[in-house]
Amino acid sequence: MLGIKSGKQSNSIKSFKTQYSNTPLFQYPMIPAAVFLLSLSALAFEVLLARVFSISQWNHLSFMVISITLFGFAAGGTFLNIIDARINGWEKKLSSTGPVKILTVLYTVTAITSFIVLNRIPLDYFRLPLEPVQALYLLTAYLFLALPFFFTGLVVSLAYTSFPEKTGSVYFASMVGSACGAVLPALLLPFIDEGNLIIYTALIPLSAVIFRRSNFIEKHTSSKNIFSLNPLTLQLCSLGIVLAAAVLVMTNNDTLVHVNPSPYKALSQTLQFPRTRVVETVTGIRGRFDTVNSPYIRFAPGLSLKFTGRLPDQMVTYRDGDSPVFLYDPQPGSDESACRFTLYYSGYLLNPAPENILLIQQGGGSSIPCAKASGVGKITIIEQQPQIAHRVRRHYNIPVVNENPRAFLARSQRRYDIIHIENWGTSLPGAAALTQNYLFTTDSLSEYFSHLTGKGVLIISRKLLLPPSDSIRLWAGVYESLKSLGAENPEQHISVLRNWSHFTLIVSKQPLDNTVKLQNFAQRMNFDMVYMPGISRNMVNRFNIFDAPYHFLEIDRLANAYRSGTEKKYFETYPLDVSPQTDNRPFPYRFLKWTRLKALYKMTGSRFYSLFMSGELIVTVVFLEAFGISVLLLMLSFFTIPQNTRKFYFPQVLYFLSVGAGFMFVELFFIKEYIFVFGDPVISLTVVLAGILFFSGLGGYWSQRIRSKNLPYALAALISVLIFMCFAVNPILDRIQGFSTIFRYLLSLLLLIPPGFLMGLPFPLAMQHLLNFPSQRAYAWTANGCASVLASVASAQIALSFGISEILIGAISAYFLALAIGRFKLIGQK
Amino acid sequence: MKKTSLAATILILFPALLAGQIRDDSLGFKAPREKMVSSQIRRRGISDKKVITAMSEVPRHRFVPKNLVSRAYADHPLPIGQGQTISQPYVVALMTESLGLKGYERILEIGTGSGYQAAILANISKDVYTIEIKKKLCDTASQTLRTMGYTDVKTRHGDGYFGWPDAAPFDCIMITAAIDHIPPPLLKQLKDGGRLILPLGNPFSYQNLSLITKHGTDYRVRQITGVLFVPMTGYALDQK
């Protein structure tokens, strides 16, 4: 037990209940408005911060900072606990209009200031291990970014603690506000850039301060408390902030508001070239797309050293300052064209004069001129990003399908002579470990094969990584897919070629009986064979020479393992995780094995910072940091509150930890699952956040109409729904995949209704019926917030290590624990 | 006569002393540099005396930003601004040694960066050309090289992709920037039997070096593994 329940406390419970049970929430009209507007603004701020980090740094670093700053929410509850022992009747004083208005103003000021500080602070993650001052910058960024979330958390926590009978309404205001905040950036980013939108959304809560008048009661209570300020002063202050923000936005202050990419990003590097400029910038929730014109852009991965001509002129579009897509100036196809000197052109040799080609493009851009050079009759290009699809369509004047490739294939019955997938991957294994990508899962590979004609060929080109990792995984994925489709000798269908920096994997629908064409091409272009039917060691590693033919040796070893049925042992013993990925674990860039971390550390030069860019290690660092902060926030109350006045009970705390973790597990499960449907993590995040938060809000509102005894039933119903989802979600999403875009959105939202609505019940019901003191509610809020952050970080690792479906098991376990506590402990105590 | 001798001495010795002073550095950095050479360079197998001498003589700290001077001789790359880095000392030494320089070669460096690599090359060969596309970096590096007395190094602000046709052909070309293909003009400017070296990978993580040798119209690319990582067949597989 974390506290004791004395007779004195029982009396104070009665007194508190008498005092507050009939307090109408709308007697304090500022509170619901503030909760709604602050939740809206804070969630929009969070989504926009993710955008800012995505541009200025890299995704997994933003993951680290934003996770930590979200503790600001939980810190609001801790703050209330600390003042609980020091200020009598704080809940009444603080929840009156004056203080809430002040907190709202503080939110706006800190949101704008923290963004400007983040934008201006010379924080350089690469210098962290080198310059101690960088740690100070990082801490400053953390603290500043946590402030607006702290003030939001404080107001929401105040609302819960001060109006227990209206918990459902507060929950509704908070959740629906958050849902609106999740959608707002998606709607406005096409018109307003990230920096300016942060300023605009930070101003939204001020509308409650400026336009809402105080009534007599509020003035009376405000005048007595520590936050007493003339309402007019606050209104003038707010108008001043709006005016200052308007000046900031209207003067188009690039220094303070414009978000610049890291100097290490490709866009920054390119812009340092002479006569290079950004000719077009398009912003959206999917990213910022900068198109650059420069005479210095030359992209030709996998080009043979035998090419002596001149590359065609190119332009490039960067997404968030990186992930370039190159557009070539159309040039008439000829034998001398650069495309015929590339590794991936080898695939076209196996099926000369193809009638139709499917190009699935994720970055790069060289596959389009290559396909054109083959003299194909019809090219179908699939590009997921609408902005890039538009650019490609406009540049080449050819139709481009703007869709998730899996959705397109699920609907299409067409067969192709060649399917060429362009996704070059990362040059640094582990850097994109958290990236969820379905292009190379065994399920996707099977889908590609089923869309090939009888003589069809699949071509995949990637960067050549050493230690061999990506090439092994792809080879294994192709092998298993072919096996599942009934191929007798899958290895007879596969060939791999490489040069000094890239490799191309070619899969033929028919067994490769004659590989002479490929061998001659490799010889002519000075390429090396890595794997081919009938290949031997003396045929490899001839032009691009390693100390040993590492890639050949490993793939050969794997092929033997498959033949002898010992592939599991191979994957277990290989120092990196190179096993094929499925739709349930679609992380093609994740290679880390925790049990071999020491070996990896040694392999990469025994230097800490070479591992620093590994996304998976960042997850662990974030989890440890988050755990530390959670313990600190939860324990802080114990250090600051005298033991005899503590009012927390361990089961209560555990209940709210469970509910917080469960909620976040479900949210993360759907976000990750829906990336399969929408093909884009940002769209998935927006749809799931908006859906789940809105439906939970409705659930919270409805919770006011049901009795406390129904809490176990609500939890049991939720657990049943989640168990059902465990088995049903994947088949349902597979079906949804083939539907049109609008139906996919609608059905995905519908699927969120049952869990979303039911998840809206456990928190407000327990807040309302199972807790007795304001300080208990504040503490419950803190526990809920801490568990949310920890669960979100844990979800990332669960998905990486075990799979996405397993996240739901975490959710079910958490809600089971809540059910056990709700059923046997708290109800009894009540 | 005495006056003439004195004047001659001053005229000859003083500039020499000054030049020596400029190239030399404070004693405070000599010890870390010696330690760098012994623990990072020699210990990892670099044995070419010319390379060892160059690494021992060139004051690396003069090429790094002031706020990172204390880390100049540490075993890692350092940021030099503009999103660029000065390579890890061992990578500089290995790239230089891999070219197998005798001292008479004409060398072209693509990507001057801080100018440190050019200074190392200039310590071994007198005929060094270096191109930097970023104006700011080019100006700073040229200034540093001049101040330190490396006046023989020819620097140019321009596009390294097309090499330096006026000075071609080259015995050796060194590319110090990440690229996805070898520029055909550079291969053309390489002498028959010439060597081109370039790093692969991320400067902040492990890198592989590739050495390309020209044999008539054919090329051989040799991967010099082990820049910062031990191949899988080495250490890692032994740990099963």
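This briefing describes the confidence, sheets, core and selected residues of a predicted model.

The model is predicted, and local features need pLDDT of at least 70, side-chain atom pairs count only at pLDDT 80 or more, and totals for chains, interfaces and linings use all residues. Residues are numbered from 1 along each chain as its sequence is written, while chains are lettered from A and ligands numbered from 1 in the order in which they are written. Chain A contains an open sheet of 8 strands and another open sheet of 4 strands. Chain B has 8 helices and 9 strands.

**Confidence in chain A**

- The mean pLDDT (the predictor's confidence in each residue, from 0 to 100) of chain A is 86, and 88% of the residues score at least 70.
- Helices (H or I, at least four residues) and strands (E, at least two) are DSSP runs, numbered from the N terminus.
- The pLDDT is below 50 over residues 1–22 of chain A, a stretch with 17 contacts in the model beyond near neighbours in sequence. Two residues are in contact if their C-beta atoms, placed from the backbone, lie within 7 Å.
- The pLDDT is also below 50 over residues 215–224 of chain A, where the model has 14 contacts beyond near neighbours in sequence.

**The sheet of 8 strands in chain A**

- The strand order is β7-β6-β5-β8-β9-β11-β10-β12 (chain A), and the pairing is mixed. Two strands pair if DSSP finds at least two bridges between them.
- Strands β7(A), residues 400–401, and β12(A), residues 528–531, stand at the edges with a single partner strand each, so one side of each has no neighbour in the sheet.
- Within this sheet, β9(A) (452–463) and β11(A) (502–508) form an antiparallel pair over 7 bridges. Ile459(A) has Ile506(A) in β11(A) as its bridge partner.
- Helix α22(A), residues 550–563, packs on the sheet and touches β10(A) (494–498) and β12(A); its direction makes about 20 degrees with that of β12(A). Axes are lines fitted to C-alpha atoms, for helices over the stretch in contact, and angles run from 0 to 180 degrees between N-to-C directions.
- Helix α17(A), residues 386–396, lies across β6(A) (378–383) and β7(A), at about 155 degrees to β6(A).

**The sheet of 4 strands in chain A**

- The order is β1-β2-β3-β4 (chain A), with antiparallel pairing.
- At the edges stand β1(A) (277–284) and β4(A) (322–328); each has a single partner strand, so one side of each is left without a neighbour in the sheet.
- From one strand to the next, the twist averages 20 degrees.
- Strand β3(A), residues 314–319, pairs with β4(A) in the antiparallel sense over 5 bridges, and Val316(A) has Phe326(A) in β4(A) as its bridge partner.
- Helix α17(A) also lies across β1(A), β2(A) (287–293), β3(A) and β4(A), running at about 15 degrees to β4(A).

**Nonpolar core**

- The largest nonpolar core has 315 residues, of which Val155(A), Trp475(A) and Phe665(A) touch the most other members. Such a core is a set of buried Ala, Val, Leu, Ile, Met, Phe, Trp, Tyr and Cys residues joined through C-beta atoms within 7 Å.
- At least three residues of this core come from each of domain 1 (20–257 + 613–829) and domain 2 (334–423 + 429–593) of chain A; the domain bounds come from an automatic or database domain assignment.
- Leaving aside neighbours within four places in sequence, Phe665(A) contacts Ala791(A), Ser795(A), Ile807(A), Leu808(A), Gly810(A), Ala811(A) and Ala814(A).

**Individual residues of chain A**

- Arg596(A) is in the loop between α23(A) (567–573) and α24(A) (597–603), and counts as partly exposed, with 18 C-beta neighbours inside 10 Å. A residue is buried if 20 or more other C-beta atoms, placed from the backbone, lie within 10 Å of its own, exposed if 12 or fewer, and partly exposed in between.
- Arg275(A), in the loop between α14(A) (266–271) and β1(A), has a positive phi near 50 degrees, though not a glycine. Arg275(A) is exposed, with 8 other C-beta atoms within 10 Å.
- Ser323(A), in strand β4(A), has a positive phi of about 45 degrees although it is not a glycine. Ser323(A) is partly exposed, with 19 other C-beta atoms within 10 Å.

**Chain B**

- Of its 240 residues, 50% count as buried in chain B.
- A cis peptide bond with omega of about 5 degrees joins Ala168(B) and Pro169(B); Pro169(B) is in the loop between β5(B) (154–157) and β6(B) (170–175).
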